[in-house]
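My entries are kept in the order in which I looked.

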Amino acid sequence: MISTLKIHHIGYLVKKIEKAQSQFLTLGYQVVSKICRDEYRKVDILFMEKDGYRIELVSPYSEDSVVYGLMSRYKNSPYHICYETDDLETTAAELCSDGFTAIDEATPAPAIKGRRVQFLMGRYSGMIELLEN
Ligand code: NI
C-alpha cells in the first residue's frame, strides 16, 4: 500500500456544467470554486462539496479534449478518484511497479492552483489521479 495517499476529490464527468451545478445544488452541495477552463485537457472544471466530500465536475468543451471520448461511455458519472501525495514521481513509479499504468505526463492543473497532476489506470480499480502537495 502507498501509505501517503489522501483522497482529494472524486472526478465527475458531466455533459453540461451549469446544469450539473444546478442539480448538485439541489442535492445540497455547495460551490467551492469558480468554473475554471483547463486548456491542457480542454475541459471546464468546477469544485463542489457536501458532507466533507469534494467532487470535481469535469466537462469537455472541445471534441479533441482528452476526456471527450469518455462521454459516450460514462455520460454523467464519476470516473476517477484523485489522491494527494507529497512526491508525485515516487508515488507514480511505485504504483506503476504495482500494476498501474501512467496514461499521461504530470502537468499543471489550472483549477487546482497549478499543482501538478497525473492520471494512471489500474486494471482492476479504474482511473486514478495523483495530485502533488
Ligand atoms: Ni480530478
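The entries below go from the metal site to the helices, the pocket and then single residues.

**Basis.** I am working on a predicted model, in which local features need pLDDT of at least 70 and side-chain atom pairs count only at pLDDT 80 or more, while totals for chains, interfaces and linings use all residues. I number residues from 1 along each chain as its sequence is written, and side-chain values use heavy atoms, with hydrogens and water left out.

**Metal site.** Which residues coordinate the nickel ion? I found His-9 and His-80, each through NE2, and Glu-56 and Glu-129, each through OE, at 2.0 to 2.1 Å. I took as donors N, O and S atoms within 2.8 Å of the metal (3.2 Å for Na, K and Ca); water is not among the atoms, so sites may look incomplete.

I then looked up the angles that the four donor atoms subtend around the nickel ion: they run from 89 to 176 degrees, which makes the arrangement irregular. The rule I used calls four donors tetrahedral if all angles lie between 85 and 135 degrees; four are square planar and six octahedral if opposite donors are over 155 degrees apart and all others between 65 and 115; anything else is irregular.

Along the sequence I read the spacing of the donor residues as H-x46-E-x23-H-x48-E. Because His-9 sits in strand 1 (residues 6–13) and His-80 in strand 6 (residues 77–85), the pair ties together parts that are 71 residues apart in sequence. I take helices (H or I, at least four residues) and strands (E, at least two) as DSSP runs, numbered from the N terminus.

Are the two histidines buried or exposed? His-9 has 1% relative accessibility and counts as buried; His-80 is buried too, at 2%. My cut-offs are under 20% relative accessible area for buried, over 50% for exposed and partly exposed in between (1.4 Å probe, protein chains only).

**Helix 1.** For helix 1 (residues 17–26) I list Ile-17, Ala-20 and Phe-24 as the buried residues. They cover an arc of only 60 degrees around the axis, which puts them on the same side of helix 1. The arc is that of the directions from the helix axis to the C-beta atoms. On the other side I note Glu-18, Lys-19, Gln-23 and Thr-26 as exposed. The cover over the buried residues includes strand 1, strand 4 (43–50) and strand 5 (53–60); contact here means heavy atoms within 4.5 Å. After helix 1 comes Gly-28, with a positive phi near 105 degrees.

**Helix 3.** In helix 3 (residues 88–96) I find Leu-88, Thr-91, Ala-92 and Leu-95 buried. Seen down the axis of helix 3, these buried residues fall within an arc of 100 degrees, so they line one face of the helix. They pack against strand 6, strand 7 (100–102), strand 9 and strand 10.

**Phe-100.** I place Phe-100 in strand 7, and Phe-100 is buried at 19% relative accessible area. Leaving out neighbours within four places in sequence, I see Phe-100 in contact with Leu-95, Leu-120, Met-121, Gly-122, Ser-125 and Ile-128.

How much space lies in the largest pocket? I get about 300 Å³. Of the 22 lining residues, Arg-41, Val-66, Val-67, Asp-104 and Phe-119 are the closest to its centre. Strands that each supply at least two lining residues include strand 8 (107–109), strand 9 (115–122) and strand 10 (126–132).

On a 1 Å grid over the protein atoms alone, a pocket is an open set of points where a 1.4 Å probe fits, with protein on both sides within 12 Å along at least five of seven lines; lining residues have an atom within 4 Å of a point. Grid points are joined across faces, edges and corners, and the volume is the space filled by probe spheres set on the points.

**Positive phi.** Most residues other than glycine have a negative phi. I looked up Asp-51, which is not a glycine and has a positive phi of about 55 degrees. Asp-51 lies in the loop between strand 4 and strand 5 and is exposed at 64% relative accessibility. Lys-75, again not a glycine, has a positive phi of about 55 degrees. I find Lys-75 in the loop between helix 2 (68–74) and strand 6, partly exposed at 44%.

**Pro-78.** Pro-78 is in strand 6 and partly exposed, at 43% relative accessibility. Not counting residues up to four places away in sequence, I see Pro-78 touch Ile-10, Gly-11 and Tyr-12.
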